[in-house]
Amino acid sequence: MYDAPVPTTQQSRTLQQWLLRLLFTGACLLVLGCASPSGPRQGPGPAVSSTLTDEQSNSIAIHALGLVGTPYRYGGNTPDGGFDCSGLIGYVYLNSVGESPPRTVARMSGFGSPVSMSELRTGDLVLFGPSTPSHAGIYVGGGRFVHAPSTGGVVRLDRLDGVYWSRQTVQARRP
């Protein structure tokens, strides 16, 4: 009788992480695919127009979600080399819509148009920091955003209303 080799602990963890990523990405795609587009919102203030179509905005969100789990690397801007927050945003935008915002978070604060937090839509940028932002992510809907948080971490999905992020000064920009 043939005995199959028993995978090592590291191989098991790697396979488990890969399967969790695949499951998570599939669930996110299902949620985004099933979401019905909302009509124009009524409310105070002018509507912010975008040069991005709904399809492009969704493409940005799906692409960002697919990179969850990629290692963080300061100055990184590729999946193979890792990402910092602005490198992640530049990579996703360039590969989803063919253009990227400025490379630094501070310069992203002047990119596109400001958007009120109540008017966020997929593909918008969320920037964190009091006067000059120091961190950024991509809004993917449902109160969530994808970002590359810090050294030793990985690209991840977080909630804007989470314990840490809800206490930060945040602004949104729409290309």
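The entries below go from the whole chain to single residues.

**Ground rules**

I am working with a predicted model, where local features need pLDDT of at least 70, side-chain atom pairs count only at pLDDT 80 or more, and totals for chains, interfaces and linings use all residues. Residues are numbered from 1 along each chain as its sequence is written, and side-chain values use heavy atoms, with hydrogens and water left out.

**Entry 1: the whole chain**

I looked up the secondary structure and found four helices and eight strands. Helices (H or I, at least four residues) and strands (E, at least two) are DSSP runs, numbered from the N terminus. Along the sequence, the pattern reads α-α-β-β-α-α-β-β-β-β-β-β.

Next I checked burial. Of the chain's 175 residues, 35% count as buried. Buried means under 20% relative accessible area, exposed means over 50%, and partly exposed is in between (1.4 Å probe, protein chains only).

Then I turned to contacts, meaning heavy atoms within 4.5 Å. Among contacts between residues at least 6 apart in sequence, 56% join residues at least 24 apart.

**Entry 2: confidence**

How high is the mean pLDDT of the chain? I read 81, with 71% of the residues at 70 or more. pLDDT is the predictor's confidence in each residue, from 0 to 100. Among the elements, helix H1 (residues 9-34) has the lowest mean, 47. Strand E6 (residues 144-147) has the highest, 98. Over residues 26-48 the pLDDT is below 50. Beyond near neighbours in sequence, that stretch still has 14 contacts in the model.

**Entry 3: salt bridges**

I found five salt bridges in the structure. A salt bridge is a side-chain nitrogen of Lys or Arg within 4 Å of a carboxyl oxygen of Asp or Glu. I noted three of them, as follows.

- Arg121 bridges to Asp54, with the closest N and O atoms 3.3 Å apart. Arg121 sits in the loop between strand E3 (113-115) and strand E4 (125-128), and Asp54 in helix H2 (residues 54-66), so the pair ties together parts 67 residues apart in sequence. Arg121 is partly exposed at 23% relative accessible area, and Asp54 is partly exposed at 48%.
- Asp124 bridges to Arg174, with the closest N and O atoms 2.9 Å apart. This pair also links distant parts of the chain: Asp124 is in the loop between E3 and E4, and Arg174 is in strand E8, 50 residues apart. Both Asp124 and Arg174 are buried.
- Asp161 and Arg159 meet at 2.8 Å, N to O. Asp161 counts as exposed at 51% relative accessibility, while Arg159 counts as partly exposed at 33%.

**Entry 4: Arg173**

I moved on to Arg173, in strand E8 (residues 170-174). Which side chain of opposite charge is nearest to Arg173? I found Asp124, 9.6 Å away, so by the cut-off of 4 Å no salt bridge forms. For charge, Lys and Arg count as positive and Asp and Glu as negative; His and the chain ends are not counted.

What does the side chain of Arg173 reach instead? It reaches the backbone oxygen of Ser109 at 3.2 Å. The backbone oxygen of Phe111 lies 2.8 Å from a polar atom of the Arg173 side chain. Not counting residues up to four places away in sequence, Arg173 touches residues including Met108, Gly110, Gly112, Val115 and Leu127.

**Entry 5: partners of strand E8**

I checked how E8 pairs; two strands pair if DSSP finds at least two bridges between them. E3 and E8 run antiparallel and are joined by three bridges. Pro114 stands opposite Arg173 in E8. E4 and E8 also pair in the antiparallel sense, over four bridges. Val126 has Ala172 in E8 as its bridge partner.

**Entry 6: two buried residues**

I looked up Gly90 in helix H3 (residues 85-97). Gly90 counts as buried at 16% relative accessibility. Gly90 touches Ser100 and Pro101, leaving out residues up to four places away in sequence. Gly90 and Arg103 are 13 residues apart in sequence and 6.7 Å apart in space, C-alpha to C-alpha.

My last stop was Val68, in the loop between H2 and strand E1 (77-78). Val68 counts as buried, at 16% relative accessibility. Val68 and Arg156 are 88 residues apart in sequence, yet 4.9 Å apart in space, C-alpha to C-alpha.

Definitions and conventions
Polar contact = N/O pair within 3.5 Å; in protein donor to acceptor, adjacent residues only side chain to side chain.
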